[in-house]
Amino acid sequence: MPNPSLSGVDLTRAPYGMRELLGIAVTVLLHWRWRNYLVSIFGGTAFYMVLGQWG
């Protein structure tokens, strides 16, 4: 089962938490742009899920 927090991210092995950091960055940028919690939560989650399918 996936860990919903960053405590399980191993920063010493590839991909060094890049998916999680990119997901956080997209979430922050979406919220900064639209100032809407639903847009940032759903957009960031969707982006992270797409990244998870590629890796």
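This is a short chat about a predicted model.

Me: What secondary structure does the protein have?
Reply: The protein has 2 helices and 0 strands. This is a predicted model, so read every value as computed from it.

Me: What does the C-alpha trace span?
Reply: About 35 × 20 × 20 Å along the principal axes.

Me: And how much of the protein is buried?
Reply: Of the 55 residues, 13% are buried.

Me: Start with H1. What span should H1 have, and what does the model give?
Reply: H1 has 17 residues, which should span 24 Å at 1.5 Å a residue. The end C-alpha atoms of H1 are 24 Å apart, so the two agree.

Me: Which residues of H1 are buried?
Reply: Glu20, Gly23 and Leu30. Viewed down the axis of H1, the buried residues fall within an arc of 95°, so they line one face of the helix.

Me: What do the buried residues of H1 pack against?
Reply: They pack against H2.

Me: And what sits on the face of H1 turned away from the buried side?
Reply: Exposed residues: Val28, Leu29, Trp32 and Arg33.

Me: On to H2. How many residues does H2 have, and how far does it reach?
Reply: H2 covers residues 37-54, which is 18 residues. From first C-alpha to last, H2 reaches 26 Å. That is close to the 26 Å expected at 1.5 Å a residue.

Me: Which residues of H2 are buried?
Reply: Ser40, Gly44 and Leu51 are buried in H2. Down the axis of H2, the buried residues fall within an arc of 25°, so they line one face of the helix.

Me: What covers the buried residues of H2?
Reply: The cover includes helix H1, residues 18-34.

Me: Which residues are exposed on the other side of H2?
Reply: Leu38, Phe42 and Gln53.

Me: Now side-chain pairs. How many salt bridges?
Reply: The count is 1 salt bridge. Arg13 forms a salt bridge with Asp10, and their closest N and O atoms are 4.0 Å apart.

Me: Why might side chains pair like that?
Reply: Opposite charges can pair when the charged atoms come close.

Me: Is Arg13 buried or exposed?
Reply: Arg13 counts as exposed, because its relative accessibility is 58%. The cut-off for exposed is over 50%.

Me: And where does Asp10 fall on accessibility?
Reply: Asp10 counts as partly exposed, at 34% relative accessibility.

Me: Where in the chain is Asp10?
Reply: Asp10 is in the segment before H1.

Me: What does Asp10 touch, leaving out residues up to four places away in sequence?
Reply: Tyr16 and Gly17.

Me: What separates the C-alpha atoms of Asp10 and Ile24?
Reply: They are separated by 16 Å. Along the chain, Asp10 and Ile24 are 14 residues apart.

Me: Back to rings. How many aromatic pairs?
Reply: The count is 0 aromatic pairs.

Me: What lies over the face of Trp34?
Reply: Arg33 does, at 4.9 Å from the ring centre.

Me: Let's do backbone. Which peptide bond is cis?
Reply: The bond from Ala14 to Pro15 is cis, with omega near 5°. Pro15 is in the segment before H1.

Me: What's the phi of Tyr16?
Reply: Positive, about 60°, although Tyr16 is not a glycine. Tyr16 is also found in the segment before H1.

Me: How accessible is Tyr16?
Reply: Tyr16 counts as partly exposed, at 47% relative accessibility.

Me: Which residue follows H1, and what is its phi?
Reply: Arg35 follows H1, and its phi is positive, near 55°. Arg35 is a residue other than glycine.

Me: Where is Arg35 placed?
Reply: Arg35 is in the loop between H1 and H2.

Me: Is Arg35 buried or exposed?
Reply: Arg35 is exposed, with a relative accessible area of 59%.

Key: Residues numbered from 1 in each chain as written. Predicted model: local features only at pLDDT ≥ 70, side-chain atom pairs only at ≥ 80, totals over all residues. Heavy atoms only, no water. Salt bridge = Lys/Arg side-chain N within 4 Å of Asp/Glu carboxyl O. Buried < 20%, exposed > 50% of the residue type's maximum accessible area, 1.4 Å probe, protein only. Phe/Tyr/Trp six-rings, centres within 6.5 Å; stacked < 30°, edge-to-face > 60°. Lys NZ or Arg CZ within 6 Å of the ring centre and 35° of its normal. Helix = DSSP H or I, 4+ residues; strand = E, 2+ residues; numbered from the N terminus. Expected span 1.5 Å × (residues − 1). Arc of directions from axis to C-beta. Contact = heavy atoms within 4.5 Å.
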